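Some notes follow on the ligand site and on one helix. Please read them beside the model.

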Amino acid sequence: MNLDLTGRRALVSGSTQGIGLAIATELARSGAAVVVNGRSEERTEHAAEAVRREVPDAEVTAVAGDLASEGGAGELFKATPEVDILVNNLGIYGAKPVFEIDDDEWRRYFEVNVLSAVRLIRHYLPGMMERGFGRVMSIASEAAVATPLHMVHLGVTKTALLAVTRGFAKAAAGTGVTVNSVLAGPTRGPASEELDDPKSLTQRLIEPAEIGQMIVYLSSTQAAATTGGAIRVDGGYIDSILP
Ligand SMILES: NC(=O)c1ccc[n+]([C@@H]2O[C@H](COP(=O)([O-])OP(=O)(O)OC[C@H]3O[C@@H](n4cnc5c(N)ncnc54)[C@H](OP(=O)(O)O)[C@@H]3O)[C@@H](O)[C@H]2O)c1
């Protein structure tokens, strides 16, 4: 299968490090022009350089902006009015006892993990539908279907992200645009020693590039029949047949 994304423009939210940076790199490797994003100019430029180092002929643009705010998203829309591939990767997480999560923190999780994706989809999806091609993917987590006791705010917002993504998939019905969630499992990164990899069937951490490779497939024309779904790249971590 030749997954060629030449001629497509992709945006990956929150892509200065970790899974987002790996997704941007894999999309670039497959020929897409890629927009990387983070909150600061410096880290965003640094990420663009990292993609160029991996994929020397890649077309990479760095656009800084805090996507948890309307203003930050507005700046991004000015700099990048249209894309063919949107990856809602941005997400925050961290352990906290559920009784200690106050209203402000609940609001922050909702703004970052849910509303940032809603804003980006609302802006970019109509153009994709008009042009008859587009790919939207939201990075959810095993926490979306198995609420973790020590990260209830993460679980709740990732469950909401699945519903948001399914809802927009319905809005795009019959247009040639697909809209999916990708459920990532415990993935190698700076905090990965705290993760629960032995519970997965692969009994190892997922490599960020493995999530990037699923994104490349879902972005391709070959994946046109996959929409409205939640696709697992979790190493079999979720103990169910369906997500
Ligand atoms: N890591 C895992 O094991 C795992 C498992 C399942 C699902 N996931 C999901 O995968 C996604 C990526 O996770 P990760 O571990 O790779 O994340 P990460 O290493 O914490 O990186 C988060 C990225 O988001 C950016 N960011 C943070 N707040 C932002 C904002 N308000 N506006 C724009 N960018 C912002 C950060 O850039 P700056 O700091 O430069 O702004 C950084 O590039 C998340 O949705 C997470 O829930 C991760």
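1. Helices (H or I, at least four residues) and strands (E, at least two) are DSSP runs, numbered from the N terminus. The model is predicted: local features need pLDDT of at least 70, side-chain atom pairs count only at pLDDT 80 or more, and totals for chains, interfaces and linings use all residues. Residues are numbered from 1 along each chain as its sequence is written, and side-chain values use heavy atoms, with hydrogens and water left out.

2. The ligand is surrounded by 27 residues (a heavy atom within 4 Å). Among the closest are Gln 17 and Tyr 93. The shell consists of 10 nonpolar residues (Ala, Val, Leu, Ile, Met, Phe, Trp, Tyr, Cys and Pro), 4 charged (Asp, Glu, Lys and Arg) and 13 polar (the others, Gly among them). Strand E5 gives the largest share, 3 residues.

3. Polar contacts are pairs of N or O atoms within 3.5 Å. Thr 16 places a polar side-chain atom 2.6 Å from a ligand oxygen. For Arg 43, the distance from a side-chain N or O atom to an oxygen atom of the ligand is 2.6 Å. Asp 66 has a polar side-chain atom 2.7 Å from a ligand nitrogen.

4. Alone, the ligand exposes 900 Å², of which the protein buries 90% (Shrake-Rupley method, 1.4 Å probe).

5. Helix H5 (residues 152-171) spans 29 Å from first to last C-alpha, close to the expected 28 Å (1.5 Å times one less than its number of residues).

Terms used: A polar contact is a pair of N or O atoms within 3.5 Å; within protein, one must be able to donate a hydrogen and the other to accept it, and residues adjacent in sequence count only if both atoms are side-chain atoms.
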